[in-house]
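Reader: Please walk me through this one in a chat. I will ask as we go.

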Amino acid sequence: DGGITQSPKYLFRKEGQNVTLSCEQNLNHDAMYWYRQDPGQGLRLIYYSQIVNDFQKGDIAEGYSVSREKKESFPLTVTSAQKNPTAFYLCASKTTVSGANVLTFGAGSRLTVL
Amino acid sequence: QQQVKQSPQSLIVQKGGISIINCAYENTAFDYFPWYQQFPGKGPALLIAIRPDVSEKKEGRFTISFNKSAKQFSLHIMDSQPGDSATYFCAASGGNAGGTSYGKLTFGQGTILTVHP
């Protein structure tokens, strides 16, 4: 089945540690996205990538980094510079259906900082 | 100007009732308005979407109503069922902040819908 696989599903981190969240897709989509979800704040865009070896900052990129070395993979690193990293992180890829952009999301990774 | 404001934050409806969720936007360059549905522990999935050239779109029990002059759009769930219990997000894309072609969606704050049996 085609889709987006995020891992790990749950992750605990001590303050001061960097962590990397994995996102893999087998949909052959060019564009991929990372969103952060907090209660009452909706989904906020962290980074996005339109094509391999290229990515752009979203609305809340501070304290995060990404890479896009392969079309299938778009890992997100939450660095120690992120002041409030506890959140639910969602990876997505984009396709176009009848001229409209449709995002396909993974099941998410929940990060808790202890 | 890129914000999308969604209300209510939570909604409780009896089975068979109508659920209504509202969203408002400021950026008149937005040209695509999807609704996403998210079940607990899962990622959001596209439910229904509308473009501003129509005032209403219906798919089964789900209807989007769009008021371009008021810059508002809403999701109506008819004959609400317990299986509809989920978080619903409105979103918008287009405009100066990346354009529709980038798929850069601006999401509302989300509405937690609970349908009691």
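Reader: Where does B:Glu59 lie?
Author: B:Glu59 belongs to strand β6 of chain B, which covers residues 56-59; here helices (H or I, at least four residues) and strands (E, at least two) are DSSP runs, numbered from the N terminus. This is a predicted model, in which local features need pLDDT of at least 70 and side-chain atom pairs count only at pLDDT 80 or more, while totals for chains, interfaces and linings use all residues. Residues are numbered from 1 along each chain as its sequence is written, chains are lettered from A and ligands numbered from 1 in the order in which they are written, and side-chain values use heavy atoms, with hydrogens and water left out.

Reader: And how does B:Glu59 count by relative accessibility?
Author: B:Glu59 counts as partly exposed, with a relative accessibility of 37%, given that buried means under 20% relative accessible area, exposed over 50% and partly exposed in between (1.4 Å probe, protein chains only). From C-alpha to C-alpha, B:Glu59 is 9.1 Å from B:Leu47, and the two are 12 residues apart in sequence.

Reader: What about chain B as a whole, how many helices and strands?
Author: Chain B has 0 helices and 11 strands, and from the N terminus on its elements run β-β-β-β-β-β-β-β-β-β-β. Its C-alpha atoms fill a box of roughly 45 × 30 × 20 Å along the principal axes, and buried residues account for 47% of its 117 residues.

Reader: Which radius of gyration does chain B have?
Author: The value for chain B is 14 Å, which agrees with the figure near 13 Å that a compact globule of 117 residues would have; the radius is taken over C-alpha atoms, and the globule rule is 2.2 Å times the number of residues to the power 0.38.

Reader: Switching to rings: how many aromatic pairs are there over all chains?
Author: Over all chains there are 18 aromatic pairs. Rings of Phe, Tyr and Trp (its six-membered ring) pair if their centres lie within 6.5 Å, and planes under 30 degrees apart count as stacked, over 60 as edge-to-face and the rest as tilted. One of the pairs is A:Tyr33 with A:Tyr48, which is stacked because the ring centres are 6.0 Å apart and the planes lie at 20°. This pair links distant parts of the chain, as A:Tyr33 is in strand β4 (residues 31-38) and A:Tyr48 in strand β5 (residues 42-51) of chain A, 15 residues apart. A:Tyr33 and A:Tyr48 are both buried.

Reader: What sort of pair do B:Trp35 and B:Phe73 make?
Author: Their planes are at 70° and their centres 5.8 Å apart, so B:Trp35 and B:Phe73 count as edge-to-face. B:Trp35 sits in strand β4 (residues 30-38) and B:Phe73 in strand β8 (residues 72-77) of chain B, so the pair ties together parts that are 38 residues apart in sequence. Both B:Trp35 and B:Phe73 are buried.

Reader: Which residues form one aromatic cluster?
Author: That cluster is formed by A:Tyr33, A:Tyr35, A:Tyr48 and A:Phe105 together with B:Tyr36, B:Phe89 and B:Phe107.

Reader: Where is A:Arg68 found, and what ring does its charged end sit over?
Author: A:Arg68 is in the loop between β7 (64-66) and β8 (76-78) of chain A, and its charged end sits over the ring of A:Phe74, 5.9 Å from the ring centre. The criterion is NZ of Lys or CZ of Arg within 6 Å of the ring centre and within 35 degrees of the ring normal.

Reader: What does the side chain of A:Arg68 reach?
Author: The A:Arg68 side chain reaches the backbone oxygen of A:Lys71 at 2.8 Å, and that of A:Lys70 at 3.3 Å.

Methods:
A polar contact is a pair of N or O atoms within 3.5 Å; within protein, one must be able to donate a hydrogen and the other to accept it, and residues adjacent in sequence count only if both atoms are side-chain atoms.
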